[in-house]
Amino acid sequence: MLNEYDCWMQKVKIKTNYEIPNIVYSDAKSLVAKQAEKEYCLGIERLLGFSPKIVKKHNNIKNIVLLNSSYASSVKDEFTIKVTENQIHITGSGENGLLYGVFRFLSLLALGKIKNGLELTESPVSPLRMINHWDNFDGSIERGYAGRSIFYKDGDFDYDKTRIEDYARLLASVGINRVSINNVNVRANAKLLIIEEYLKEAKELAAIFRKFGIKLFFSINFGAPWSLGKLPTADPLDPAVAEWWKKRAALIYKYIPDLAGFLVKADSEGEPGPFQYNRTHTDGANILAKALEPFGGEVIWRCFVYNCTQDWRDTKTDRARAAFDHFMPLDGKFDKNVILQIKFGPYDFQVREPVAPLFGALKNTRHVMELQITQEYTGHQIDLCYLPYIWEDIMNFDTIHGENSKIKELLGKKNIEGFAAVVNVGLDNNWTGHTLAQANLYGYGRIAWNPAITAKEIAEEWSVLSFTNPEVPQKVQEILLRSYPAYEKYNAPFGVCFMVSPSNHYGPGIEGYEFSRWGTYHRADKDAIGIDRTPSGTGYTAQYSPKNAAMYADANTCPENIILFFHRLRYDFIMKNGETLLQNIYNIHFEGYDEVLSMIEDWKSLKPLLENQVYESVLARFERQLVNAREWKDQINTYFYRKTGITDNKGRQIYS
Ligand code: GCU
């Protein structure tokens, strides 16, 4: 890696056996196609050090690159790359297709894969490949770990145009096509971003992203007709409220005619919503959908709706059930331009959760899966945690054990339209705080484009594109692939979740959520731990399709990495390796800590091969990770030792 800021688009002279022609014919007339042409030239300059010459006629030129944005295909955003002895053809089934084709060509070039005879046709599996910013207008970022917002400062837009363009380029290079630019928690500021003062500014931002085929979403406040419009109510069934949203939409689309739409967090963690007026979420979403429909806009409506004021004494209410209980009965009742956004698991981006049962169950409602690239519960971009590892698992979840019923097979079909993910970037020079966390942003784009890609393939691509010294990528890949299992091992054990420090969510807080209102309990006592979610408990398992329901309901068939999510087990429960649950808890915590030690050794071995700045900044984070891993290990093990009085059978140190 020469320059952390450039991420996976490093400026480096690569060697190639195939001579790339320096004349380029381009048919570009539209905005994005022209950008594709420009990106091609920038990329060649970056990788080969020469500026291609653009021509508008190509008769009789033998050695040439042809960029074409209008080949006939019914597949949206498709591209083909064809390399012959003298010519390279990059064609798109539209301007965005061409842009994606150019970026793929450039990364293949950097990966050393461009050769005579190469032929490739690709299109995205998921139509919606979205980034969610949780950026606040004061410049802070909710759950942001890489500096301040790249968009806002002190209650206003404040950004560096070049930086935003560089960001849009990075996103488009991995196929992202939608970005929501403000926090889903709009909180008291219902004006965001829907008054003229802000729209004038947002218009400029939209123009930068537009060149890269990216459309914007705004997070809006459901209560705006009341708080901003001064109507007596925001009741979605009140005609005056409907009218207010229609007029507001007309104003917004005057400034940004291609706004993708609204993203809405309603009736969730204090945000207003239709429940306040005894209305349903269909009432709420559809009223907005009707306002946006004339302009081609869409409403993305989040399913993160649960009771966040639960009494910990109440053992009947199960937060895990909430999204399904609320939204399954509404299947098929949403307007055509409503898309539900469902967190991948029933809780909240925990290190290990089962896949939410709405996936595979919803039949007649468009929906997308929400992931978290920002490392809220996965180490704050201090600890290394390579997320494609877990995303691959999620993609392989078989929703109904039918034909092609894995998440990765359902995507793009059956109303699962893609992904939204909370992003991990900020104003830090390397964008993501931890330099290796760039792999998570890259990996998200690649999985959103093609959910069948593996974590290993992503690590291979990313490390070669990012680290210019050829001796580095192999070791970096190994470190990345070990990092998620290591983090999971020293964290809350076996899917029990939320043993995390309250509020900031970094480091252990074993009983941090135990007596709180958030509905996330493990209820450990001296004999047992976990929640019984089988039909004899909260009944959550029954939300799954029959085969999954049966598998999860039986402790002998439930996958062990998630067993405490579904079962309340005694500490002497015997696990598959013949050891007790308690002993396994001890074991994995020692292992997780040792893994961090060993990753650090591996990183240190790269010192002579890396730029000092990259080496030192990653090492400094690893050192903090080791402290964190030690706290997790010692606090968790000590906690269970104190509860049970049972020592580690290998005699390792546990504190009494
Ligand atoms: C989590 C997170 C919040 C966030 C919320 C959401 O609860 O801690 O900061 O607002 O998710 O997804 O809306």
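Lysine 333 is in contact with Thr282 and Asn286, leaving aside its neighbours within four places in sequence. The model is predicted. Lysine 333 sits in the loop between helix H8 (322-327) and strand S14 (338-343).

**Around lysine 333**

- A polar atom of the lysine 333 side chain lies 3.4 Å from the backbone oxygen of proline 329.
- Arginine 129 is 204 residues away from lysine 333 in sequence. In space, the C-alpha atoms of lysine 333 and arginine 129 are 24 Å apart.

**Ligand site**

- Lysine 265 places a polar side-chain atom 2.6 Å from an oxygen atom of the ligand.
- For arginine 302, an N or O atom of the side chain is 2.6 Å from a ligand oxygen atom.
- Arginine 143 also has a polar side-chain atom by the ligand, 2.9 Å from one of the ligand's oxygen atoms.
- The ligand taken alone exposes 310 Å², and the protein buries 95% of that area.

**Helix H2 against helix H3**

- Two packed helices are described by the angle between their axes and the distance between the axes.
- Helix H2 spans residues 95-110 and helix H3 spans residues 161-173. Their axes lie 9 Å apart, and the packing angle is about 85°.
- Angles of 65 to 115 degrees count as roughly perpendicular, and H2 and H3 are therefore roughly perpendicular to each other.
- H2 makes the contact through Leu99, Tyr100 and Phe103. H3 makes it through Arg169, Ala172 and Ser173.
- By class, the contact of H2 with H3 has 4 nonpolar, 1 polar and 1 charged residues.

**Backbone features in loops**

- Leucine 192 and leucine 193 are joined by a cis peptide bond, with omega about -25°.
- Leucine 193 lies in the loop between strand S10 (178-180) and helix H4 (196-210).
- Lysine 230 has a phi near 60°, a positive value in a residue other than glycine.
- Lysine 230 belongs to the loop between helix H5 (224-227) and helix H6 (239-255).

How values were computed
Residues are numbered from 1 along each chain as its sequence is written. This is a predicted model: local features need pLDDT of at least 70, side-chain atom pairs count only at pLDDT 80 or more; totals for chains, interfaces and linings use all residues. Side-chain values use heavy atoms; hydrogens and water are left out. A polar contact is a pair of N or O atoms within 3.5 Å; within protein, one must be able to donate a hydrogen and the other to accept it, and residues adjacent in sequence count only if both atoms are side-chain atoms. Accessible areas come from the Shrake-Rupley method with a 1.4 Å probe; for residues, only the protein chains shown count as cover. Axes are lines fitted to C-alpha atoms, for helices over the stretch in contact, and angles run from 0 to 180 degrees between N-to-C directions. Helices (H or I, at least four residues) and strands (E, at least two) are DSSP runs, numbered from the N terminus. Angles under 35 degrees count as roughly parallel, over 145 as roughly antiparallel, 65 to 115 as roughly perpendicular and the rest as oblique. Contact means heavy atoms within 4.5 Å. Ala, Val, Leu, Ile, Met, Phe, Trp, Tyr, Cys and Pro count as nonpolar, Asp, Glu, Lys and Arg as charged, and the others, Gly among them, as polar.
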